[in-house]
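Reader: I am new to this kind of entry and would like to learn how its features are read. Could you take me through them one at a time?

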Amino acid sequence: MSVQRSLWLQEVAGDAPAAPPLTGRARADVAIIGGGYVGLWTAIRIKQAQPSCDVVVLERDICGGGASGRNGGFVLSWWPKLASLTALVGAADAVRIARQSEDAIDEIRAFCAAHDVDADFRRGGWLWTATSAAQVGAWEGLLETCARAGVEPFRRVEPADVARLAGSPAHRAGVYEATAAIVQPAALVRGLRRHALELGVRIHEGTMVDGFSRDRPVVVRAGGAHGATLVADKLVIATNAWAAGICELARSIAVISSDIIATAPIPERLAALGWHPDLSITDSQTMVDYYRITRDGRVAFGKGGWTIAFGGRIGPAFDRSARRARDVEADFRRYYPSLADVPITHGWSGPIDRTPSSLPLIGHLGGRSHIVYGIGWSGNGVGPSVVGGRILAALALGASDEWARHPLVGRSAGRFPPEPIKFVGAHLVRAAVVTKERAEMRDERPPAWSVRLARFAPAGLEDK
Ligand SMILES: Cc1cc2nc3c(=O)[nH]c(=O)nc-3n(C[C@H](O)[C@H](O)[C@H](O)COP(=O)(O)OP(=O)(O)OC[C@H]3O[C@@H](n4cnc5c(N)ncnc54)[C@H](O)[C@@H]3O)c2cc1C
């Protein structure tokens with residue numbers, strides 16, 4: 001598979017020989033499709049609970065070749081989704097789930113320490129900022145939800161301090177959430193892969209699953225012309241945006257791109273700006289800008305939402321787009337004009353499995369107890385996939401513990417219209433969002449049509 005690898009995957013290239021593809025006919029207790037965070041955390045939790053369980057992971061590329069090896073490395077909680085969670089499961093469970101997502105950040109730190117995974121885990125918190133007058137106060141509704149729930153995960157920060165911490169006066173206001181961390185995302189997923197192998201998980205890379213039966217045991221067809229099959233008692237679907245190609249899940253997610261650029265290393269200049277090196281920063285656009293500093297002092301700057309897939313067709317435009325990289329660069333230069341001369345050395349993209357509420361979907365496919373799925377992480381999956389892995393492992397093992405009975409299981413986060421309405425509608429809404437946000441960035445009043453239409457955009461990373 002020839003793809004444009006992310007900076008992160010380039011940094012860990014050659015860390016381990018590729019696992020062999022699936023050939024012939026094989027058996028497993030649990031088959032997992034997808035070797036990203038969700039599939040690998042699930043495999044690890046199953047093995048920890050039941051070491052004798054025979055778990056096989058099937059991955060079309062290499063483990064981490066999907067979003068898990070390409071993301072921004074922001075390890076965020078679900079506190080910014082407290083309003084959506086409350087609407088879905090009620091106030092008490094919403095707070096409990098947000099706390100679980102906070103614990104997940106500690107679990108990643110502990111996992112890396114325990115298994116010698118050098119994923120550059122740094123807990124510097126998350127600065128949620130406003131970069132235009134229209135964005136100022138985007139967090140107020142959420143802060144009210146938090147206050148009603150009796151929790152205070154966000155701290156107000158003086159505008160001058162926001163600009164100082166973010167290293168640029170483009171940041172006019174903001175709030176701070178202290179539990180967030182950053183990681184080198186590919187190092188984390190490759191560390192999970194290594195540990196899964198140590199626990200006896202069988203991994204087949206370069207193994208594209210072409211389809212699977214719905215009966216039990218499940219027959220998973222892979223390997224195209226070579227015609228390999230895996231017969232498994234249980235199946236876990238952990239294919240992120242690619243799940244849009246599964247008919248039962250197609251209307252649950254919309255696939256959009258997220259695009260990242262990285263600069264040359266400039267640690268001294270970033271230090272001179274005062275930009276805190278361990279900080280996660282976002283603005284408050286619907287097509288959110290997110291940025292952080294890498295271990296070697298580069299800026300990694302991303303933007304969500306440019307390209308929209310038709311159904312489950314995730315083509316090469318989701319690996320890299322030079323045009324979108326230029327758009328992302330324009331936002332970076334606007335926020336950091338003093339870095340105008342710094343070269344951009346890397347650019348890559350990946351697909352996001354956006355649900356209408358931006359909360360994940362975890363459940364039994366068509367109500368079948370032996371086929372479970374965990375998709376729809378909506379651009380916040382690094383931390384939450386730890387929670388997802390626990391739930392999916394419990395479901396796959398048929399456990400009756402708190403994870404198997406988790407309030408997120410079987411919840412519908414809403415549905416999108418069928419294709420081609422979803423595709424056409426998404427383009428119209430995106431055009432409105434772009435028009436609105438470009439006007440707001442100039443502190444101009446956006447056209448009324450764009451404001452009205454932009455309201456149809458799915459909820460984002462934060463409840464605004
Ligand atoms: C550019 C970008 C930036 C992001 N930034 C952040 C961030 O900063 N913080 C954050 O929390 N989240 C972020 N995300 C989202 C986060 O990366 C995901 O939510 C998370 O990685 C989801 O993990 P996963 O295991 O579900 O998906 P993936 O890592 O995509 O794993 C799914 C795997 O399934 C495989 N697969 C698909 N179809 C098949 C098939 N038919 N047969 C076999 N294998 C198959 C894929 O190759 C892939 O490896 C970002 C995503 C992108 C794309």
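Author: In strand E6, Val175 is the bridge partner of Trp128. Strands here are DSSP runs (E, at least two residues), and helices are DSSP runs too (H or I, at least four residues), numbered from the N terminus. This is a predicted model, in which local features need pLDDT of at least 70 and side-chain atom pairs count only at pLDDT 80 or more, while totals for chains, interfaces and linings use all residues. Residues are numbered from 1 along each chain as its sequence is written, and side-chain values use heavy atoms, with hydrogens and water left out.

Reader: Which strands pair with E4, and in what sense?

Author: Two strands pair if DSSP finds at least two bridges between them. E4 runs antiparallel to E6 (residues 173-177), with five bridges joining them, and it pairs in the parallel sense with E13 (residues 280-282) over three bridges. In E13, Ser280 is the bridge partner of Trp126.

Reader: Are the faces of E4 covered or uncovered?

Author: Buried means under 20% relative accessible area, exposed over 50%, and partly exposed in between (1.4 Å probe, protein chains only). Trp126, Trp128 and Ala130 on one side of E4 are buried, as are Leu127 and Thr129 on the other.
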